[in-house]
Amino acid sequence: MAGRGRAPRWVVGLLLAALTASAGCGGGSGTDSASDDVQRVLDTRAAAVRDGSEREFVATQAPASVAAGERAAARTEFRNLRGVPLADWAYRVTGLHRSGDRATADAELRYRIEGYDRAPVVTARRLSLTRADGRWYVTADRPAKDSSQQLWEQGAVLAVRGEHSLVLGVGRPLGALRHYAELADRAVPAVREAWGEEWSRRVVVLVPKSLDGMASLLGAPASGYRGIAAVTTGEAGGSAKAPADRIIVNPDAYGVLGAFGRQVVLTHETTHVATRASTSAATPLWLSEGYADWVGYRATGRTAPQAAPELARAVAEGRVPDALPGDEDFGFGGDAGSLARAYEGGWLACRMIAERWGEVRLGEFYRAVGDHEKRAGAVEAGMQEVLGTSLEEFTEQWRAYVRDRLG
């Protein structure tokens, strides 16, 4: 209890010993036994999910003697998840805090979506349990602190399979989810044509009911994503064995876009899925976001002023940027105009590389930068190695290109 003074060390020791003896939290055989028992319950719960057994799932959460309302809550939880095509589902207890017949377990949930995840998605969970009739029951299964919510915790999941995509939605009409699948199915071939074959060539799109639902999936405040149509999770620092990234849609912002804008957004986000294994901490945002926009606009025929209206306005006012956009310019919570100019500046940099050095060199440059472990010197080395130029020379060429294309 903060602010109450400090007890002598021997008193603290006695108190800890007493608490350990009464609560079974001290790492002795009692704790080990309880942890093993809880692991067995979670193994049974996981098997029920994998096997699609609602009865077995409910049995891990409430004994037959409890009120019908509690069992109904367990059935709802199971049915919300039932629409997700799972290849695997498992828990691993990482910690147990027991007090008599009640306990809280820290656990890792590992799951894979069939046909999409190469490796398990791992998320931390905090489970509340109670002991009755000689066994443990799960009373609550929630995200751990600093972990994000899962889609099925927002309601019953509907799934739509496309040729190259899987769309999972909550609170959205089936027709709307089919439309997302159509957009994603067009995006995947477009990205494959630009980037190549070295990625999964399929995407998972999550469509929550609202902006707040999107924010919960990301574990972040909704205010930072209010004008963002979609984001891709885990787009940096991955590997070829990483699970498929999730494209998470903000239906509020996405809904106000026209057909053209919706396609560009889905193609942009699909590019992040494709490039993840070649994106690292060394990759600046002007390159990762600029490249994704370049792929998104690549076959659309849009002119530079049409695709970069905010930067065109700045150039018309004599405000040509002095340097390539910095990572800080891509913050979602900042000025919308500044954010748009950052994206447009990155896009024009990649467009210039594609025009002057060729599309193949653009992809080689992206991969070369991502191959570095640290940011310092990565862009400079990539430019020298692949483009035969320095960062200073490239920046001056880019500034002239911006003036020429937008002036």
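Two strands pair if DSSP finds at least two bridges between them, and helices (H or I, at least four residues) and strands (E, at least two) are DSSP runs numbered from the N terminus.

I noted before starting that this is a predicted model, where local features need pLDDT of at least 70, side-chain atom pairs need 80 or more, and totals for chains, interfaces and linings use all residues. Residues are numbered from 1 along each chain as its sequence is written, and side-chain values use heavy atoms, with hydrogens and water left out.

**Entry 1: the sheet**

I looked up the order of the strands and found an open sheet of four, S1-S2-S3-S4, with antiparallel pairing. Strand S1 (86-99) and S4 stand at the edges with a single partner strand each, so one side of each has no neighbour in the sheet.

I then went through the sheet pair by pair, starting with S1 and S2, which are antiparallel and share 12 bridges. For S3 and S4 I recorded eight bridges between antiparallel strands, and here Thr130 has Tyr137 of S4 as its bridge partner.

**Entry 2: two residues with positive phi**

What lies between S3 and S4? I found that the two strands form a hairpin with two residues between them, and that Asp133 sits in the turn. Asp133 is in the loop that runs from strand S3 (121-132) to strand S4 (135-143), and its phi is positive, about 55 degrees, although Asp133 is not a glycine. I also looked up how open this place is, and Asp133 is exposed (over 50% relative accessible area, with a 1.4 Å probe and protein chains only), its own value being 69%.

Arg201 belongs to the loop between helix H5 (174-195) and strand S7 (203-207). With a relative accessibility of 31%, Arg201 is partly exposed, a class that lies between exposed and buried, the latter being under 20%.

**Entry 3: aromatic pairs**

How many aromatic pairs does a search of the whole structure find? I wrote down 16, where rings of Phe, Tyr and Trp (its six-membered ring) pair if their centres lie within 6.5 Å, and planes under 30 degrees apart count as stacked, over 60 as edge-to-face and the rest as tilted.

I looked closely at Tyr111 and Trp152, whose ring centres are 5.3 Å apart with planes at 80 degrees, so this pair is edge-to-face. Tyr111 is in strand S2, while Trp152 is in the loop between S4 and strand S5 (157-161), so the pair ties together parts 41 residues apart in sequence. Tyr111 is buried at 5% relative accessible area, and Trp152 is buried at 11%.

Next I took Trp195 and Tyr366, with ring centres 5.5 Å apart and planes at 80 degrees, so this pair is edge-to-face. This pair links distant parts of the chain, because Trp195 is in helix H5 and Tyr366 in helix H13 (residues 359-370), 171 residues apart. I checked the burial of Trp195 and Tyr366 as well, and both are buried.

Finally, I returned to Tyr111 and Trp152 and noted that they form one aromatic cluster with Trp89 and Tyr91.
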